[in-house]
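Hi,

Here is the structure I promised to pass on.

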Amino acid sequence: MLLERDTELRAVAGALDTAAAHGSSLTAVTGAWGTGRTELLNHLPPLAEDRHVRVLRADAARSEREFAFGVVRQLFEPVLAQAADAARRRWLGPGGETLRSVIAEETPALEAGTHPRLWRELRSLAAHMAADTPLLIVVDDAHWADEPSLRWLAYLAKRPVARPVTVVVTLADGDPGAGTPLVRDLLATGSRVLRLRPLSPEGTRTLVERSFGEPPDDAFARACHDACGGNPMVTTAVGHTLRQAGLRPVAEHGERAVRVSPPVLRERLTARLGQLPSPLPEFARALAVLGEQAEPELLARLAELDAVGCRAAERALRALGVLRPGAGSSAPAFRHPVFRDAAEETLTVEELQRLLSRAAVLLLRAGHPAEQIAARLMVTAPSPSPDAPWTVTVLRAAADAALDRGAPEDAVRFLRRALQEASTEGEDRAVVLVDLAGAERVTDPWMAARHISQAVSLLPSAEQRAAALLRISPPVFDTAAPQTVELFREVFAALGPGRATGGAAREVALRLEARVRCAEPTAPGRLADSVRRLAELGPEPGLRTGAERELVAVLLHDAVAAGRIAREDAVRLARRILEREPAVPELSHTTLPLLAITLVAADDLADLPAWLEALLARAVEQKALVSQVITGTELALVRLWSGDVTRARALALEAHRLAGERWEAHTAAGVALATVAIETVDPQLCDRLLAQDSAPAYGDVTDVYRSVTHRMLRGVRAYQRRDDATALDHFLACGRRLERDGWHNPALGPWRAWAALAHRRLGDARAAEDLMGEEGERARAWGAPAALGRALRVHGTLTAGERGKSLLREAVDVLWGSHHRLELARALVQLGVRESREGDPRAESRLREGAALADACGVPALAARARALLGGPAPDPAPGLSSVQLTVAGMAARGLPNGAIADELGVTRRAVEKHLTAVYRKLAVRGRPELAGALRMAGSG
């Protein structure tokens, strides 16, 4: 069914009905490309058949314009060939042999002087045929018809026959051929002109429904109408393309209608645009290259047209439907991307490269933003030449703009292209390499370090080399590559005495010193040297500049790890640093992430969680992947320490996933997730990490954090399997490693507690007692409630009688002042277990408090242990929820995103969504904000 063309069909039907009484008439159907002119002609034969009218049809083609009487032959040759001899003789009349030979192509084309006689004979032929049966003569794309045929159509229109002959021709608005004198002469005969308009929104909706086989929603239909401008050809092609891609006509896919470029339609339009006469193709190609920057002067220069030619081309292309409707000050723009792509495809590769290069130069001279110019340079071939410096300058400026808008990937692309334009060994190359590393460190710190290493050898001064090295993110949880460490050393030494002076040189020197210390976490005497250096800075080190804060953060971390600073002093100094630093993603490329470790070890989180949450939100907003990994790692450790196990697990999993997408591993993400697995004693997570961990043998792992967590994972897993001897070997190896490197603070490596438990299982109570005695002494010396409470709890667990119970009570008392709620829950449950065995009436309250706290922390196994000893029934699950739904609901209520829930349960994200939908329905809630309360009311939270 033809959409919204009833008026035009009725007009043609009316012409057919009145032809018998009024003789021949001509109707012209005009419209832009794709508005359905040909489709309208295809619907005329049924009208003619109902009225017993014979249809003669011809389809004009641009390639056949030089073929004289070609359209006439298409009209009459088939019907003459099929007619009976008597009818053919009657129609042709006396002397019709010449006419018949022309129509049948049996003789060469006649001289122009014979055409008027042929026009008269053709008019007579039409009249004789119509005397037998009314005629409908249809010519599609008449503006492409050969000149003799057009002149005959005009002759017939000016000299109507008394017989029922109805002529219908189609013309393309805007096509130069439709404005020729011959076509204007044809239309000047009083013929009726029917102009096809774009479809209405409702017509577009109907066409989309046909394409998809289902009704579109309002938003999708509106998007299609806006994108395609009501053009039936474009709308149909877009709909079929999207359906073939497996999409449905719903709002979330509406944007695709604006961007998709249907291949079949693009090829068709490419052919049509290529056939247009100058200046239309030139204008369309220039517009495709300039895009949104298509200012009139730039368009004219790029298309090499004068102002008159530009205006004529623009008017024609608007009429053809290639450009959006508009006039006057309205800037030209393609109606749909498929027209732009078709215009580009009319160019050869060489022509496109030339236009893009010229466009970049024109935009530069016109003062356009660097990213707009760089967009053209990016799709041209590199051409090192005397012009290269300006291209490098533009690409560097574009990279800066991309970084400012939070698009590091675009910045990296611009700078990698700039490298192709720069020299191979000059300082200009080093400058680009440094810029590239600055962009890459946001997403790929290892590649950034590699490019800085290449740049350093090309920079002439130590100051420049030092500034370049500062683009390398310090390995706060890892060991730098040996070549990077050597670069740090060499450049730091080359700075010489000037590093002690003020100004920028001192800032660079302090930052570089911080990185040198971070790059070698296991260097002999590193911690002791850091303690000495911190003491040199005095009790109140200067923290006015970022460089000073970076250095002090490293020294403070080392002093805490060595256990050579009072906890109160460490907390005070860490807070002073933190309060001077805004929560911006760039901090992840400094040594300041070590502050989180310092404050966690001190069990004094203060404002750190809120500060890190703000930092993570900004990193996500700016798409700073490294910052997301580092900050997610820090926040996971902080949330774990504060007892929010569910949030900690989700953060650590997300950081590990992000790191895994870009790199084989990232030490920070691996350390965080391993710490969660160890702290929660999660066998599945331990196995998963051990299977994924590509860490080499213990002796080859040089960074402390990764080495210790890897060993601890193996030990905990062996302990769970009751392979106590193997577990003990791993725990003692951790201890030897930490002691060898001077890491004496029990808050940063609770290996003694696990080793003591393994000793006890192996029957060596004395060794267990010795280890926990030493752990308790060190924890008291450090003074952090969490570290001391853990030591007291494990010691109490391993100690029988009143002394053991006394140690557990002290652990509870100490842990009430700690941020570590999970450790407090463990101590409460363990004390409740001990008191329950001895019939102590206080056991019930301990167990209830421990169970409630374990639930709040997200550790249901610990809560279940406490409730089992209470003797009461476990809480009833929410009514109607299956065990899987209850599990999913509980994880969602604790803030775990759908992707993390899916990863944890080993199901698809879609399965999680389906379970949550069922939960919302059964609990009569509208979403996550109401879920936790509903579960608590149902007795499942």
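A term to start with: I call a residue buried when its relative accessible area is under 20%, exposed when it is over 50%, and partly exposed in between, using a 1.4 Å probe and protein chains only. Helices (H or I, at least four residues) and strands (E, at least two) are DSSP runs, numbered from the N terminus.

Some ground rules on the source. This is a predicted model, so local features need pLDDT of at least 70 and side-chain atom pairs count only at pLDDT 80 or more, while totals for chains, interfaces and linings use all residues. Residues are numbered from 1 along each chain as its sequence is written, and side-chain values use heavy atoms, with hydrogens and water left out.

What does S4 belong to? An open sheet of five strands, with the order S2-S3-S4-S1-S5 and parallel pairing. Because S2 (54-59) and S5 (192-195) stand at the edges with a single partner strand each, one side of each has no neighbour in the sheet. Neighbouring strands here are turned by 15° against each other on average, direction ignored; axes are lines fitted to C-alpha atoms, for helices over the stretch in contact, and angles run from 0 to 180 degrees between N-to-C directions.

Now the pairings of S4 (two strands pair if DSSP finds at least two bridges between them). With S3 (residues 135-140), S4 (residues 165-172) pairs in the parallel sense over five bridges. Leu136 stands opposite Thr166, and Ile137 opposite Val167. With S1 (residues 25-31), S4 pairs in the parallel sense over seven bridges, and Gly31 has Ala172 as its bridge partner.

H7 (residues 115-132) lies across S2, S3 and S4, running at about 130° to S3; contact here means heavy atoms within 4.5 Å. S3, H8 (residues 147-158) and S4 make a right-handed β-α-β unit, right-handed meaning that, with the strands pointing away from the viewer, the path from the first strand over the helix to the second runs clockwise.

- Asp141, in the loop between S3 and H8, has a phi near 55°, a positive value in a residue other than glycine. Asp141 is buried, with a relative accessible area of 13%.
- Arg722, in the loop between H37 (704-720) and H38 (724-740), also is not a glycine and has a positive phi of about 65°. Arg722 is exposed, at 57% relative accessible area.
- The peptide bond from Ser278 to Pro279 is cis, with omega near 10°. Pro279 lies in the loop between H14 (263-275) and H15 (280-290).

Last, H44 (residues 843-857). H44 has 15 residues and reaches 21 Å from its first C-alpha to its last, close to the 21 Å expected, where the expected span is 1.5 Å times one less than the number of residues. Its buried residues include Ala843, Arg846, Leu847 and Gly850. Just after H44, Gly858 takes a positive phi of about 90°.

Cheers
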